Amino acid sequence: MTNDAAHAAPSADPAAPSAPPLLEIRDLHKTLGGKHVLKGVNLSVERGETLVIIGGSGCGKSVLLKHVMGILEPDRGSIKVEGREIVGLRLRELNEVRHRFALIFQGGALFDSLTVAENIGFYLMEHERLPWSRIYARVLECLEKVKLGATPRERERIAAQMPADLSGGMKKRVAIARALAPSPEFLLWDEPTTGLDPPTADAINDQIIMTKTADGARRTSLVVTHDMASAMKVGDRVAFLFDGRILKEFAAAEIGAYLKLDPDAAAGFSVDERRVWAFVKGRADRVLEAGSVDTQVLRRMLAPAPAAPADAEA
Ligand SMILES: Nc1ncnc2c1ncn2[C@@H]1O[C@H](COP(=O)(O)OP(=O)(O)O)[C@@H](O)[C@H]1O
Ligand SMILES: [Mg+2]
């Protein structure tokens, strides 16, 4: 490394104070419809990473995402974005923060009465006051990014269609294109592969990975899912939401280790570890039965490990 390069990279200095996490949630509580849904969630997401939140149906995953987006206000607790508290911000200030985020809803949530182009360009029309020709160019770019339409002509044809004319997988891609249009820094995905057939689900996994670096950005993602194959493929870290709290965090690659464990080995675990194991393995087994993810990957992982070679001389 030359001296110039060393000067150009002061942030590499290990003694430099580290930046606050992109997102830091502390002791978040929320009661909804008389139910204490979030009971003290603690969670941090570092810039550039993909954190996957797993947890049973109805455990509060979507509610948690809605707090991050400022759609719901907590009863108690703190949510900081790069060290700045967003709980209690006025709408105008909150909107400044929201600009940097995009939430991709479970069903895609496209506007049914707008064309694909209007859906993708919606945010830019509302907020950027650009001429339609500029917005339309961006729409076509985004369609290309999500691999909708092989040629410019095809992309123009798709841009003119209504959501009702699209398949489930195409709708999902349009929703991703819409999220990418304003080039957000932080993407929040709510069950992105739920209800899709295996090849489409895996194509969406690839899209999630693609969005990390599209437009030369280095984006951060928070993915809510109970699809273990997806969690393993797209995630860096996993956080398990259980009974209103993050019960455990682990590296996404460890999902494989949980899958390989048999009940006898798991019996020696702590109660919390067994909960994670039961959830991960339970989901994977159900997924295998339903055949709704890359079963080859999961079968390989669930297969017993090859027997250790007989004691060779040392
Ligand atoms: N607006 C609401 N009013 C009342 N209860 C709600 C509301 N939103 C969510 N809940 C309840 O909060 C719990 C968590 O919901 P949710 O976050 O949607 O679960 P999931 O983990 O499946 O995404 C559920 O019991 C749900 O019924
Ligand atoms: Mg949900």
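The legends below describe close-up views of a predicted model.

**View 1. Strand E1 pairs with strand E2 and with strand E4**. Strand E1 (residues 23-32) and strand E2 (residues 35-45) run antiparallel and are joined by 8 bridges. In the hairpin that these strands form, 2 residues lie between them, and Gly 33 takes a positive phi near 55°. Strand E4 (residues 76-81) also pairs with E1 in the antiparallel sense, over 5 bridges.

**View 2. His 29 has a bridge partner in E2 and another in E4**. In E2, the partner of His 29 is Lys 39. In E4, His 29 is partnered by Arg 76.

**View 3. Helix H6 has buried and exposed residues**. Arg 155, Ile 158 and Ala 159 are the buried residues of helix H6 (residues 152-159). These three lie on the same side of H6 because the arc they cover around the axis is only 100°. An α-helix has 3.6 residues a turn, so residues three or four places apart point the same way. Arg 153, Glu 154 and Arg 157, on the other side of H6, are exposed. The buried residues of H6 pack against helix H4 (116-127) and helix H5 (132-145).

**View 4. Helix H4 packs with helix H7**. Two packed helices are described by the angle between their axes and the distance between the axes. For H4 and H7 (residues 168-180), the angle is about 30° and the axes are 7 Å apart. Angles under 35 degrees count as roughly parallel, and H4 and H7 are therefore roughly parallel to each other. The crossing of H4 past H7 is right-handed. Where the helices meet, Val 116, Asn 119, Ile 120 and Phe 122 belong to H4, while Val 174, Ala 177 and Arg 178 belong to H7.

Definitions and conventions
Residues numbered from 1 in each chain as written. Chains lettered and ligands numbered in written order. Predicted model: local features only at pLDDT ≥ 70, side-chain atom pairs only at ≥ 80, totals over all residues. Pairing = 2+ DSSP bridges. Helix = DSSP H or I, 4+ residues; strand = E, 2+ residues; numbered from the N terminus. Buried ≥ 20, exposed ≤ 12 C-beta atoms within 10 Å, placed from the backbone. Arc of directions from axis to C-beta. Contact = placed C-beta atoms within 7 Å. Axes fitted to C-alpha atoms, helices over the stretch in contact; angles between N-to-C directions. Parallel < 35°, antiparallel > 145°, perpendicular 65-115°, else oblique. Left-handed = near helix turned anticlockwise from the far one by under 90°.
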